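Hi there,

Here is the structure I promised to pass on to you. Have a look at it first, and then read my notes below.

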Amino acid sequence: MTSLPPVLEAVKVKRDNVKTSRMLRSQFGSVWTRPWTVISIAVIGIWTFLAITAPWIVPFDPLKPVGENLQAPSSTHWFGTDELGRDVLSRVISGSQLSLPLAVIIVAFSLLLGGIVGLLAGYLGRTVDGIAMRLADLVLAFPQIILAMAVTAAFGPSTGNAVLALVIVSWPLYARIIRSSVLSVREQEYVVSGHLLGSGMFKSLVKDVIPNSAGPALVMSTIELGNAILMLAALSYLGLGPRPPAAEWGAMIALGSQNLSNWWISLFPGLAILTIVMAFNMLGDSIQDYLDPRSRGGKLR
Amino acid sequence: MPLLLKTIVKRLLTTVALLWGVTVVTFLLVSVVPGDPAAANLSQQAYDDPEIREAFRQKWGLDQPLIVQYGQYLWNILHGDLGVSQQTNRPVLEDLARYIPATIEIAIPAMAIAIVVAVALGILSAMRKGSALDNGIRVLSLTGLSTPPFWLALVALYVFFYIFGWVPNGGRLSNIYDPPPTITGMYTIDALAAGQVAVFWDAVWHLALPVGILAVLTISGLLRFVRSSMLEVLDSDYIRAAVAKGLPRRIITWRHVFKAGLLPVLTVSALTMASLMGGAVLVEQVLSWPGLGQYAYKSALGLDLQAILGVTLFVAIVYTGINLIVDVLYTVIDPRIGAK
C-alpha cells in the first residue's frame, strides 16, 4: 500500500490509532488492486497524456481540411473525415485538450464557491445558514441542464459562459456537503479548544475546520469531473459551448447528427466521452468503497 | 393527524417561497444579463432600424423599469396569465398545454419501466453482491450513467431506424395521419378515445424509441441507488436477527428487505423525475419530439422571457409537488420521521 491518492492519505491520517489503521489498510488495499480501479486510472492516465501531448501527436491539423470530405474510416484517416474534410481522429484527440481542463476548471470553481458558502453557512449558522441553504435549494429546484441552458443563452454562447453556467448549477452540491461536515467538525473539542487558546474566526477556519472537513467534498469532486464533462458536452451539443471550428466532442457529435449515413463523425467523439466519464465514475465508485467500510461486508449470509 | 397536517402546511409554505424565488431568479437572469431579446428575435435588418427596435421593446414592456416589469409579471401570474411567448406569439399557457402532454407521454412510461427494471435488477445485484451477475449489472449501470444522452439517442436512432428500420425517424405521428381530436393532448389516449385504432398504434410506434432511451438513462441512476439501499438493509441488525432466527430466505427477502429498502427508492424516484426532464431536453432535440424540452431549448436560445419563466415555473411546481407528496408518504409509512 504505497500509492494512494493524496486525498485518501489525508483521510487516513485522521485515524489516530496506529494499530487500527494498519489493520484497515490491509483490508482497504484490495480496492486499489481491483481490475476496475486499475483500468479506470489507466484510462484517465491515457486521456491526460493525450491531452498534454495532443499538439505533437495528432496525425493532421484538427482545425483545417486535410483531405476529401466525408471519407469513411480508412488507413490514412482512422476515424474518417467530416463535412469539411477535417480528420476526425485528430479532432477527437484535440477534443481532450478542451474537455479535460474545462472539467477541472468547472469542478474547481464549483468547489471553491460551494466551499466558501458551505463553510460560512456551517460555521456561522443561523441567518447565514438559512439564506445560503435556501439559495442552494432554489438552484436545485431547476433541472440542471435547463438552468445551464438559460444561463448560457442569456450571456451568449461561448466557452467561458458555458463554464460559468455549469459552475452556477453545480456549486450547491458542494455547499451542502461542506456544510454538513463543517457542522460536525465545528463542535469537536479541538475546534473549541482552539477558540479557548485565542484563535479568531479566520485562524480557526483555516487551521482547524477546513483541513478536517474538506475530505468528503474532495472525493465528490473526483466523481463530479465526469459529470462536468458530460454537461459541457451537452451544452456544446445544443450549440451553447465553444464556438466552431473548435474541436469539442459535443459539438462534433452535433455536426455528425445531421446525416446518419456518416456515422463515424458522431460515433468516435461519443466513445471518447463515454470512456473518460466512465473512468471517472469507476474511480469514484472505488473511492467510495474505500471510504465506506460497510460496503465490504453486508452480505446476506 | 395534526402532525401530518403541520408537515404539509409547512412544506406548502416553503414551496410557495421557493416558487417565488424561481420567478425572481429566472426574471433577473433573462432581464439583467447582456443578451438582448430584441436582437435574438428580430432579423438583423429589423434590429438596425431604431423604430422597429423601440416598437418591439414597447410591445413586450422592455422599456419599463425592471421592478415594474417584474411587478407586472408577478401580478399576471397570480391571475393565471403567464404572458405571451415572443417566439410563437401564442399565450405561454397555450404553448405549455400543447407541449407538456407530449413530454408526459414519454416521461411517464419511461419512469414506470425504469422503476420496475431498476428495482428488480437492484435487488438481484444486492442479493448476489460480488458475483459475476452483480458486477455485470454494475458495469451496465455505470455505462448508462457515463453515456451522453444525446449520443445514446443518436446511436439508437442509427441502429433502430437507419439500419433496421424498426422505428420512425422521430416525430409523434406519421404524415399520413392527422392528430386525433385533442382531449388530453397525449396522442395515444386521444386516439383511443376517438376510436382511431390505426392512429393509436402509429403513436405507440413513434413512442418506442424516446421512451426506451429515457428509460435506459433513468434505470442507470436508479439502479445504483436501489442496490446500495438494499445493501444497507441487508447489513442491518434486524435482518441478521431474522437470519439467526432461521427464517426462510424468501421470507426475509420479500417481507423485510424489500419493504425497508423501497422507502429510500421512493425519494430518489421523485428526484429522478427532474433528471428525466433534463434528459428529455436532449432526447427530444435528437428525435424531433415536440415536447417541453424542445420548447425550453428554443425559448432559452431566443431569450423568450415569458416562455422560459413558464417552463421553469411548471418544472419547479412539478418538482416541489412530487417532493411534497413523497415527504407526506414518508411520514405516513415511517412514523419515526414525522416524530423528529
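H7(A) and H10(A) are roughly antiparallel to each other, a label for angles over 145 degrees. In this predicted model, the axes of H7 (residues 159–186) and H10 (residues 215–237) of chain A come within 11 Å and cross at roughly 160°. Axes here are lines fitted to C-alpha atoms, over the stretch in contact for helices, with angles from 0 to 180 degrees between N-to-C directions. Helices are DSSP runs of H or I with at least four residues, and strands are runs of E with at least two, numbered from the N terminus.

Which residues meet? Among those in H7(A) are Leu166(A), Tyr174(A) and Ile178(A), and the H10(A) side includes Met220(A), Glu224(A) and Leu235(A). Contact requires C-beta atoms, placed from the backbone, within 7 Å. The residues of this contact divide into 12 nonpolar, 3 polar and 1 charged. Nonpolar covers Ala, Val, Leu, Ile, Met, Phe, Trp, Tyr, Cys and Pro; charged covers Asp, Glu, Lys and Arg; the others, Gly among them, are polar.

Chain A has 12 helices and 0 strands. It also touches a partner: 39 residues of chain A are in contact with 45 residues of chain B. H10 of chain A supplies at least two residues to that side, as do H5 (126–140), H6 (144–155) and H12 (263–291).

Residues are numbered from 1 along each chain as its sequence is written, with chains lettered from A and ligands numbered from 1 in the order written. As the model is predicted, local features need pLDDT of at least 70 and side-chain atom pairs count only at pLDDT 80 or more, while totals for chains, interfaces and linings use all residues.

Happy exploring!

Definitions and conventions:
Angles under 35 degrees count as roughly parallel, over 145 as roughly antiparallel, 65 to 115 as roughly perpendicular and the rest as oblique. Two residues are in contact if their C-beta atoms, placed from the backbone, lie within 7 Å.
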